[in-house]
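Please work through the exercises below with the sequence and the 3D structure at hand.

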Amino acid sequence: MRLSRPFIRLPFSFDADRLAEEASRFAPDRWMAHPSGLPGNSAIALISSEGGDNDSFEGEKHPTPHLAECEYMRQVMASFGEVLSRSRLMKIDARSELNLHVDFNYHWFSRVRIHIPVVTDPSVIFHCGTASLHMRPGECWIFDSWRRHRVLNPSARDRIHLVIDTGGSSRFWDMVRAVEASDPAETARNATFIAFEPGKAVSLRTERFASLPVMAPGECTALIEDLIADFAENPENDPQLVATYVSLMRGFASDWRELWLLYGHRPEGLVHYRALIANTRRRLHPNMRALTVRSNRIGVNAIFAQRVLNAALAPDARME
């Protein structure tokens with residue numbers, strides 16, 4: 001999700017020692033490898049699709065058995081009062097890193113990541129765009145995942161963060177707007193400390209409907225227009241190819257709306273939706289970086305595929 005600044009300190013703090021004690025309960029074999037196979041990166045799923053050990057963005061989100069073992073983590077997550085999505089403990093091993101990347105798929109277009117450092121070292125640095133900082137244990141941050149970002153851990157200890165995904169209610173974004181322009185040190189001084197309360201029962205609200213079986217035409221158009229605005233403003237792009245892509249993408253949105261008006265979510269429409277997606281893929285330029293967006297120089301093909309074409313149908317509807 002795009003933010004006004006690379007990093008925004010949220011006005012909360014947490015008991016890092018208690019969080020670290022709960023994280024220490026997980027033996028090495030319970031940590032899942034990174035889905036892209038990045039060495040030194042692993043995670044414990046706390047809220048996931050159907051509550052399993054997976055990295056899926058799809059389906060209903062439920063607390064996992066791992067989270068059931070962590071009383072304070074549940075209290076921390078509940079303290080935000082938000083509907084929560086895929087959330088986890090994320091570990092970067094000693095003397096390892098999270099490579100430079102951008103989160104640009106459909107899930108990240110409308111969700112933000114809350115980072116709460118659990119175990120870290122002063123030498124661990126989070127880079128986002130041109131900014132960088134060390135997140136101290138128990139602090140609470142969000143960051144702009146649309147900018148290129150990476151994390152370096154040159155220390156001799158593993159770095160563990162509690163990472164919570166949410167789309168955020170109006171209450172959440174009002175709170176963000178109230179602190180986004182503030183000095184993080186001032187936000188820290190005024191932060192609310194969320195203490196561990198032994199035996200306190202909490203309830204978590206988790207995502208039940210991450211997407212529709214067939215993407216609504218209004219959402220399809222909005223996603224495409226946001227992407228067009230970004231790559232059309234990049235002076236490095238070939239104007240003729242820009243015009244071609246604008247026509248292609250708006251044509252896709254119009255044809256998607258036509259099919260949706262005919263079939264909606266009815267199964268008999270799936271063959272037509274799939275054909276439109278496949279035909280549009282074939283018309284993309286073979287060079288994945290023939291066009292790039294102005295904001296972060298990511299290739300338009302990859303963004304269009306991840307944000308729209310791959311997300312336009314639910315997983316069970318994509319397969320013939």
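Two exercises with worked solutions follow.

This is a predicted model, in which local features need pLDDT of at least 70, side-chain atom pairs count only at pLDDT 80 or more, and totals for chains, interfaces and linings use all residues. Residues are numbered from 1 along each chain as its sequence is written, and side-chain values use heavy atoms, with hydrogens and water left out.

**Exercise 1.** Determine how helices H1 and H3 are oriented to each other.

*Solution.* Step 1: helix H1 covers residues 16–23 and helix H3 residues 71–79 (helices are DSSP runs of H or I with at least four residues, strands runs of E with at least two, numbered from the N terminus). Step 2: their axes are 8 Å apart and form an angle of about 125° (axes are lines fitted to C-alpha atoms over the stretch in contact, and angles run from 0 to 180 degrees between N-to-C directions). Step 3: H1 and H3 are therefore oblique, because angles under 35 degrees count as roughly parallel, over 145 as roughly antiparallel, 65 to 115 as roughly perpendicular and the rest as oblique.

**Exercise 2.** Is Glu207 buried or exposed, and which side chain does a polar contact join to that of Glu207?

*Solution.* Step 1: Glu207 lies in the loop between strand S16 (205–206) and helix H7 (217–232). Step 2: Glu207 counts as buried because its relative accessibility is 10% (buried means under 20% relative accessible area, exposed over 50%, partly exposed in between, with a 1.4 Å probe and protein chains only). Step 3: the side chains of Glu207 and Ser85 are joined by a polar contact of 3.3 Å (a pair of N or O atoms within 3.5 Å; within protein, one must be able to donate a hydrogen and the other to accept it, and residues adjacent in sequence count only if both atoms are side-chain atoms).
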